[in-house]
Amino acid sequence: MNFIKTASETVDFEAIKARQQVAWGSGDYAMIGTTIQIVGETLCEAVDLRSGQQVLDVAAGNGNATLAAARRFGNVTSTDYVGALLLRGKERANAERLTVKFQEADAEALPFADASFDVVLSSFGVMFAPNHEKSASELVRVCRPGGKIGLANWTPESFIGRLFKTIGKYVPPAPGLKSPALWGSRTHLDALFGGKASVSAASRHFVFRYKSPQHWLEVFGGYYGPVLKALAAVDEKSRKALVTDIYALLDDVNVAKDGTLVAPSEYLEVVATRTR
């Protein structure tokens, strides 16, 4: 089994991934993912994606970066370990008559040969793989020397980073598991890719726009696996407290004054060029 020793515990990454698959497979992430499409478009611009390049989208979800790359005439392979999400991506590609290969794959064990791709992308995807070091190593391995790895990762201080901290108060992560928001830290990225890729990163913001804070919670509570599962995992008293804390967070990040929700969330737009 895939165990890694920490100072005081052992992390069973396979068990964690199994639980994550259930969480991301619950609800319907595509209802959230489609609203974030602009990030996939800007990420493809950041890596200067060219037509004809071999492109891999890792932990693609319902295919935001996938579709953006295909619109630029890349030869795209879209992967995720949740098959239902790939089906959503395939529906979208078919609707736009885009040619994309879809394949189930684990970000920590990509089924591709070394140096197979010119560009490797992940938009709010690979950051959730539990074994950071292994998934980063896989991104580098399948990218050709001189090729680019483009990532969009929520930062620890962002709205979404704070949302996960809020959820963690009620549904604690597995002992020893690193926060996915660390992928939004330049220091962590340098440690993950050090000696293998030259990393550049820029702060960006995606703005969540909903009818109201209540509407946001209705959508995320019904379709976004981590929120849906957290609300279902706690007793009624804790559920009410979690909802109260989420509304407090929404009130803090909301810049709208008209009753709607306009919530900017910082993310790190990363371009890592493989050096060896």
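Contact here means heavy atoms within 4.5 Å. The model is predicted.

**Exercise 1. Place V219 in the fold and list what V219 touches beyond its sequence neighbours.**

Step 1. Locate the residue. V219 sits in helix α9.

Step 2. Check accessibility. The relative accessible area of V219 is 12%. Buried means under 20%, so V219 is buried.

Step 3. Collect the contacts. Leave out residues up to four places away in sequence; V219 then touches I32, Y210 and Y224.

Step 4. Look along the chain. M31 and V219 are 188 residues apart in sequence, yet their C-alpha atoms are 8.0 Å apart in space.

**Exercise 2. Describe how helix α9 packs with helix α11.**

Step 1. Two packed helices are described by the angle between their axes and the distance between the axes. For α9 (residues 213-223) and α11 (residues 236-253), the angle is about 125 degrees and the axes are 10 Å apart.

Step 2. Classify the angle. Values of 65 to 115 degrees count as roughly perpendicular and those over 145 as roughly antiparallel.

Step 3. α9 and α11 cross in a right-handed sense.

Step 4. Name the residues. α9 contributes P213, Q214, W216 and L217, and α11 contributes V243, I246, Y247 and L250.

Step 5. Sort them. Seven are nonpolar, one is polar and none is charged.

**Exercise 3. Do the analysis for α7 and α10.**

Step 1. The axes of α7 (residues 159-170) and α10 (residues 225-233) come within 10 Å and cross at roughly 20 degrees.

Step 2. Classify the angle. Angles under 35 degrees count as roughly parallel, so α7 is roughly parallel to α10.

Step 3. The crossing of α7 with α10 is left-handed.

Step 4. Name the residues. From α7 come L163, F164 and I167; they meet P226, V227 and A230 of α10.

Step 5. Sort them. The contact of α7 with α10 holds six nonpolar residues, no polar ones and no charged ones.

**Exercise 4. Classify the aromatic pair of F128 and F164, and say which parts of the chain the pair ties together.**

Step 1. The structure holds 16 aromatic pairs.

Step 2. Read the ring geometry. The centres of F128 and F164 are 5.6 Å apart, with 45 degrees between the planes. Planes under 30 degrees apart count as stacked and over 60 as edge-to-face. The pair is tilted.

Step 3. F128 lies in the loop between β6 (117-123) and α6 (132-142), and F164 lies in helix α7, so the pair ties together parts 36 residues apart in sequence.

Step 4. Check accessibility. F128 is buried, at 11% relative accessible area. F164 is partly exposed, at 24%.

Definitions and conventions: Residues are numbered from 1 along each chain as its sequence is written. This is a predicted model: local features need pLDDT of at least 70, side-chain atom pairs count only at pLDDT 80 or more; totals for chains, interfaces and linings use all residues. Side-chain values use heavy atoms; hydrogens and water are left out. Axes are lines fitted to C-alpha atoms, for helices over the stretch in contact, and angles run from 0 to 180 degrees between N-to-C directions. Helices (H or I, at least four residues) and strands (E, at least two) are DSSP runs, numbered from the N terminus. A crossing is left-handed if the near helix is turned anticlockwise from the far one by less than a right angle, and right-handed if clockwise. Ala, Val, Leu, Ile, Met, Phe, Trp, Tyr, Cys and Pro count as nonpolar, Asp, Glu, Lys and Arg as charged, and the others, Gly among them, as polar. Rings of Phe, Tyr and Trp (its six-membered ring) pair if their centres lie within 6.5 Å; planes under 30 degrees apart count as stacked, over 60 as edge-to-face and the rest as tilted. Buried means under 20% relative accessible area, exposed over 50%, partly exposed in between (1.4 Å probe, protein chains only).
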